[in-house]
Amino acid sequence: MKVDTNNIFTVVCLVFMLVTGIYRLAQIEVNINARISNVQANLLIAVYSLKDNFADRLYINEKN
């Protein structure tokens, strides 16, 4: 069975491209997850702030 060096080089390049593609997709996923976590934290801060402001206004209105 004859093994051609061009075929071996092609297979090695394809495997390398596949591995680097998977690695890049993993990096993109981590970046997206980090952004989602950041947005989630900001939304929670905003909701808690609104809740506190609303509770303060209710307390002030009940006091008057």
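The protein chain holds one helix and zero strands, where helices (H or I, at least four residues) and strands (E, at least two) are DSSP runs numbered from the N terminus. This is a predicted model, in which local features need pLDDT of at least 70 and side-chain atom pairs count only at pLDDT 80 or more, while totals for chains, interfaces and linings use all residues. Residues are numbered from 1 along each chain as its sequence is written, and side-chain values use heavy atoms, with hydrogens and water left out.

**Overall shape**

- The C-alpha trace of the protein chain spans about 95 × 10 × 5 Å along its principal axes.
- The radius of gyration of the protein chain is 28 Å, whereas a compact globule of 64 residues would have one near 11 Å; the radius is taken over C-alpha atoms, and the globule rule is 2.2 Å times the number of residues to the power 0.38.
- Val15, whose place is in helix α1, is 34 residues from Ser49 along the chain, and their C-alpha atoms are separated by 51 Å.
- Ala26, which also lies in helix α1, is 21 residues from Thr5 in sequence and 32 Å from Thr5 in space, C-alpha to C-alpha.

**Exposure and surface**

- Of the 64 residues of the protein chain, 0% count as buried, a class that means under 20% relative accessible area, with exposed set at over 50% and partly exposed in between (1.4 Å probe, protein chains only).
- Val15 is partly exposed at a relative accessible area of 47%, and Ala26 is partly exposed at 35%.
- The protein chain exposes about 6400 Å², of which carbon and sulfur atoms supply 66%; accessible areas come from the Shrake-Rupley method with a 1.4 Å probe, and for residues only the protein chains shown count as cover.
- Leu25, Ile28, Ile32 and Ile36 form a nonpolar patch on the surface, with about 370 Å² of accessible area together; patches are made of residues with over 30% relative accessible area and no salt bridge, like charges being joined within 9 Å and nonpolar side chains (Val, Leu, Ile, Met, Phe, Trp, Tyr) within 5 Å.

**Charges**

- A search of the whole structure finds one salt bridge, meaning a side-chain nitrogen of Lys or Arg within 4 Å of a carboxyl oxygen of Asp or Glu.
- Lys51 forms a salt bridge with Asp52, and their closest N and O atoms are 3.6 Å apart.
- Lys51 counts as partly exposed at 49% relative accessibility, and Asp52 counts as partly exposed at 40%.
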